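Reader: I'd like to learn how to read a structure like this. Could you walk me through it?

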Amino acid sequence: MAELKLVNLQKKFGNTIAVDNVTVTVKDGEFITFLGPSGCGKTTTLRMIAGFIKPTKGSIIIDDKVLSSNEERVFLPPDQRDMGMVFQTYAVWPHMNTYKNVAYPLKFKKYSKKEIEERVSKTLSMVKLDGFEERFPHQMSGGQQQRVALARALIMEPSVLLLDEPLSNLDAKLRESMRHEIVELQRKLKFTVVYVTHDQIEAMSMSDRIIVMEKGIVQQIDSPQNVYQKPSNEFVADFIGMANFIPCDFVHREGNIVRVLIMDGSGKNFLSVPVMTDKDYGKNVTVVIRPEDIDVLPPDNKEGTLGTLIRQTYVGDRNDCVVQFGDILLRVNIQNKTSINIGDQLKLVLNNPILLET
Amino acid sequence: MTTLKSKRNFRDSSQTYFKWSVYGAGGIIFVLLILVVLYPSFTLVKNSFTADDQLSLNNYIGLISNQTAFIVFRNSFIVSFWGALGATAIGVSIAWLLARTDIPYKKFWRVALIIPYIIPPFIGAIAWVYLLGPVGYINKIWMAITETINPLWVIYGQNGVIFVMILYSYPIAYMVTLGPLSQMNPALEEAGQISGAGKLRTLRDITLPLMLPSIGGSALLIFMSMMANFGIPAVIGFPKRYFVMSTQIFLTILNFDRANNLQIAAALSMLLVFLALITMQLQKWIQGEKSYAIISGKSSQHQLVQLRNKKYIAVVFLGLLVLFTVVLPVLSILATSLLRALGLPFILENLSFVNFERIIYEVPKVQRAIKNSFLLAGGSATAIIFMSLIISYLIVKLKIKGTAILEALVLLPYAVPGIVVALAMILAFVKPLPLVNISIYNTIWIIAIAYIARFLTFGVRSISAAFEQVHESLEDAARISGADFVASFKDIVMPLIKSNIFAGWFLAFSPALTELTLSMLLFSVGNETLGTVVYGLHQEGKVGMTAALAFVVLVFVVLLNIITRKVTQGKLGF
């Protein structure tokens with residue numbers, strides 16, 4: 001049972017602000033992910049939660065227990081926080097075998113030898129490492145070492161489990177299966193997870209909510225679906241998935257629809273995009289459209305606007321294409337069953353547009 | 001809300017406590033370093049500018065106008081130049097043969113060719129006197145064969161000094177260049193070959209230029225170690241009154257009749273220090289700025305050069321080296337130590353252990369020296385390890401400001417020639433220490449302090465490397481597992497650096513045990529060391545006993561190396 005609250009968290013290194021004004025409540029049993037490019041402050045935030053870095057401002061609270069608060073002058077060291085953590089480098093101690101690594105956290109609580117043995121073997125089978133007790137880290141693969149690290153973090157049944165890019169040192173296949181395993185464990189044991197990654201697929205596939213960060217500032221806190229479909233700003237739209245950004249020339253409201261016009265430069269052709277929204281927009285609007293949301297139809301199709309195919313790249317399940325519309329270049333996904341050639345004229349229909357005020 | 005304030009304060013204070021005790025200990029060490037490094041350095045500089053207790057430039061003017069100073073400077077330069085050239089050429093050839101060709105018995109060569117590195121140079125020099133002195137074994141055999149009374153070559157003098165220096169310095173070049181040669185990215189050379197360059201052409205156009213920084217760096221390193229060497233020119237040069245800077249400084253210090261002798265020696269030392277610092281800068285520049293990123297990180301798979309019928313030439317070359325640097329010298333020492341008296345024919349009746357018995361039972365200073373050397377080496381190595389733990393912790397983990405000053409203080413006594421360190425110690429401690437009014441001059445303590453200052457860098461290097469290897473996340477993982485600061489240090493850091501602590505201890509212990517240069521100037525009756533007694537016996541002409549003791553020293557050295565290898569699991573020693 002642990003609800004983690006970060007309130008106005010800030011960290012300055014000298015004069016540079018690494019993390020600013022992070023406020024979020026992680027619900028009990030929730031899987032939340034800090035996502036962002038390197039240097040965005042996600043790891044700094046995680047290390048503040050763990051107690052390795054002292055915040056400059058703000059507080060960290062688990063349930064009703066204050067772990068850190070500059071206002072109340074409280075700062076618990078990491079060993080007093082009852083958390084588990086998995087590190088990017090695994091941080092499995094090379095001089096201890098699997099058993100000793102996993103049993104280490106129990107050393108600081110009063111357990112009998114028998115209890116320790118039971119808990120270690122229970123935890124090891126949870127991460128599918130039965131029989132690995134005597135192995136030393138150098139006798140194990142990266143994936144196995146990461147399981148040892150996971151077991152060590154879970155053995156105390158921590159209130160919060162922190163994961164700092166735990167999968168980034170594993171190969172692609174292993175990464176995917178570990179993803180599922182971590183999520184399964186979390187659903188089963190219902191612990192609260194704070195996960196840090198720069199990999200959007202990891203974030204999307206594992207999290208209940210994603211916190212997108214950039215330059216130390218939270219950009220959006222939302223479900224994976226919403227972060228993708230309703231990005232709160234250009235950074236989020238650009239960082240997650242692929243997107244076309246088209247500046248609009250004309251916006252006007254027709255009932256509960258906002259119609260956006262995009263001119264092709266010559267003034268003759270335009271794309272007209274209807275958007276269902278109650279919100280009123282000012283003049284400066286950018287339309288965000290995902291490549292998979294653009295339909296490509298034959299040039300004699302009634303609907304749509306004419307464009308020219310100027311580049312196509314075969315990537316297996318589809319073709320990544322660029323279509324020119326006036327002076328605007330649009331990235332489009334085309335099913336590779338359709339046979340088209342560079343220079344062909346196409347009709348474009350834009351679906352699911354996202355409007356962002358700029 | 002509960003805040004757990006009391007508990008926090010308790011835990012937090014354990015960490016703060018620890019940190020402050022490290023700072024405190026660091027402060028004490030800093031003061032100690034000032035006392036044993038900075039103060040003697042300052043005294044040396046001051047004395048070089050003092051004549052008849054007055055500030056003056058006379059010592060330096062004397063150097064310029066004095067013929068002797070010019071001659072010893074020239075001698076030092078000639079010896080070191082040709083010595084470095086020869087040693088580097090040999091060392092690099094060996095490295096290339098072992099890293100890049102299909103020469104047989106590689107494992108054997110790897111070990112055998114490094115052995116000269118662990119033989120104390122002055123003992124190697126004494127061995128060569130037994131071989132190529134006026135009545136040396138080789139000369140006698142030569143005379144017997146040619147039936148003349150002319151020796152083949154008497155080793156005394158300049159050429160002998162160069163010869164022996166090369167034999168005991170080439171392992172440096174070999175060790176420095178072996179790494180880059182075997183780890184160089186093979187694609188660099190393959191690209192040369194695919195561009196049309198033949199094997200030899202690739203060696204000339206690609207491999208050698210890429211290797212130049214490490215070759216140049218090792219040549220400079222050898223040059224400086226030869227400039228600083230005292231044992232070889234003392235053993236090989238003195239009989240022919242051939243002097244280099246280090247031996248000239250030694251003689252000047254002992255020339256008590258000459259006015260301002262210590263001050264003149266100080267001025268001469270400054271010249272040597274100046275050269276050392278320039279060489280060091282040059283080496284840094286060559287290996288820093290001039291070096292390319294040629295190493296691919298992993299040990300690379302090179303296509304080995306097929307030596308074919310030239311294989312025999314290569315094997316003979318390496319075999320001769322082992323013969324000249326290890327087999328002959330060791331055999332000559334063993335033979336001399338077993339001979340009842342010098343000059344007797346080498347037959348079974350003339351062999352005995354009488355020399356060994358005599359050094360142990362008849363010469364009390366030998367017993368004292370063995371005891372003193374073990375005490376001094378063990379004591380200073382232990383002190384060095386404790387100091388290094390704190391210094392390295394400050395530098396690597398706490399990343400304090402002023403790291404550069406600390407590192408410079410640690411390195412300085414090793415970077416300058418030993419003879420200079422010895423002189424600085426004499427000048428600094430010849431008078432009783434102020435405040436406490438205790439004189440350590442003519443006691444064993446001045447030798448201990450000199451050893452600690454000189455070999456501290458080995459401990460710091462070894463333990464700093466260890467601290468750097470312990471990734472921060474390993475300690476973090478312990479903290480988040482519930483370990484407090486002290487527990488994490490005890491459970492995680494200490495076990496991981498244990499082998500480096502042993503390594504650092506032996507790295508400091510080994511050279512201290514057979515140290516000659518510092519001891520020669522700092523020892524006093526009752527405080528002899530192994531080095532001074534071997535040298536003393538040699539000077540007294542007690543050949544059999546010298547050889548016996550030299551052999552004992554060699555046994556110590558070999559045993560130490562085996563132990564070092566064991567405790568470091570093969571990382572050090574061979």
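Predicted model: local features only at pLDDT ≥ 70, side-chain atom pairs only at ≥ 80, totals over all residues.

Reader: Let's begin with the chains. How many helices and strands does chain A have, and how many does chain B have?

Author: Chain A has 8 helices and 22 strands. Chain B has 24 helices and 2 strands.

Reader: What are the spans of the C-alpha traces along their principal axes?

Author: For chain A, the trace covers about 80 × 50 × 35 Å. For chain B, the figures are about 105 × 70 × 55 Å. There's also the radius of gyration: chain B has 26 Å, and that agrees with a compact globule, because 574 residues packed that way would give a value near 25 Å.

Reader: Now the helices. How do I describe two that pack together?

Author: You give the angle between their axes and the distance between the axes. Here, take α16 (residues 364–397) and α17 (residues 403–415) of chain B: they pack at about 145 degrees, with axes 10 Å apart. Their crossing is left-handed.

Reader: Which residues of α16(B) and α17(B) meet?

Author: From α16(B) come B:I391, B:L394 and B:I395, and they meet B:T403, B:L406, B:E407 and B:V410 of α17(B). By class, that contact has 5 nonpolar residues, 1 polar and 1 charged.

Reader: And how should I think about a core?

Author: In soluble globular proteins, nonpolar side chains tend to be buried together. In this model, the largest nonpolar core has 253 residues, and B:L423, B:M425 and B:A450 touch the most other members. Helix α16(B) provides the largest share of this core, 15 residues.

Reader: What is B:M425 in contact with, leaving aside neighbours within four places in sequence?

Author: Its partners are B:P40, B:I446, B:I449, B:A450 and B:L522.

Reader: Last stop, the contact between the chains. How many residues does each of chain A and chain B put in?

Author: Chain A puts in 26 and chain B 24. On the side of chain A, β5 (65–69), β6 (74–75) and β7 (83–86) each supply at least two residues, and β7(A) gives the most, with 3. That side of chain A has 17 nonpolar, 4 polar and 5 charged residues.

Key. Residues numbered from 1 in each chain as written. Chains lettered and ligands numbered in written order. Axes fitted to C-alpha atoms, helices over the stretch in contact; angles between N-to-C directions. Helix = DSSP H or I, 4+ residues; strand = E, 2+ residues; numbered from the N terminus. Left-handed = near helix turned anticlockwise from the far one by under 90°. Contact = placed C-beta atoms within 7 Å. Nonpolar A, V, L, I, M, F, W, Y, C, P; charged D, E, K, R; others polar. Core = buried A, V, L, I, M, F, W, Y, C linked by C-beta atoms within 7 Å. Buried ≥ 20, exposed ≤ 12 C-beta atoms within 10 Å, placed from the backbone. Rg over C-alpha atoms; globule rule 2.2 N^0.38 Å.
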